[in-house]
Amino acid sequence: MAQVASSFPSRRRSSVVVVQTGGPGEPGRPDAAVPLVPGGGGQVAPLVPLARALGADRTVLALASPLAGPRPERLTSAGRVALRHVADLRRDSRPGPYRLVGIGTGAVVAFDLLHYLPKDTH
């Protein structure tokens, strides 16, 4: 995993955005965070109602698209975007477990995330 994190420069802005900080979470998995992978333009703001619907006891993260914004990155595949998100989750000290949710085209990136995250984190 260190190889994944080192393949992306640390001076760029993280794609991890905390949408909602939850309480203790579910029994047996108190630290389960829900990363939401947006589709389309990769915007985070439209995910706030979904985060609220998941309940106030849930920590909800958004993985903002590195392809959107004023300085989009050049990533050539959904797998490369997924690697970027994994590196950012590691740098943000969020080792898992995760309950991944992909919205629209974000589902493709979420599926690729499953390949790069350790099996005990999802």
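In this tour, a helix axis is a line fitted to C-alpha atoms over the stretch in contact, and angles between N-to-C directions run from 0 to 180 degrees. The structure on display is a predicted model.

**The sheet**

Begin by selecting the strands. Four of them form an open sheet with mixed pairing, and their order is β1-β3-β2-β4. Colour residues 16–20 and 101–102 next: these are β1 and β4, the edge strands, each of which pairs on one side only.

Now select residues 33–37 and 59–63. These are β2 and β3, which run parallel and are joined by four bridges. To inspect a particular pairing, display L36, whose bridge partner in β3 is A62.

**The helix on the sheet**

Keep α4 in view and select residues 78–91, which form helix α3. The axes of α3 and α4 come within 8 Å and cross at roughly 60°. The two helices are therefore oblique to each other. Viewed as a pair, α3 passes α4 in a right-handed crossing.

Finally, show the side chains at this contact. On the α3 side, select A78, G79, V81, A82, L83, H85 and V86; on the α4 side, select V108, V109, D112, L113 and Y116, which they meet. Coloured by class, this contact shows nine nonpolar residues, two polar and one charged.

Definitions and conventions: Residues numbered from 1 in each chain as written. Predicted model: local features only at pLDDT ≥ 70, side-chain atom pairs only at ≥ 80, totals over all residues. Heavy atoms only, no water. Pairing = 2+ DSSP bridges. Parallel < 35°, antiparallel > 145°, perpendicular 65-115°, else oblique. Left-handed = near helix turned anticlockwise from the far one by under 90°. Contact = heavy atoms within 4.5 Å. Nonpolar A, V, L, I, M, F, W, Y, C, P; charged D, E, K, R; others polar.
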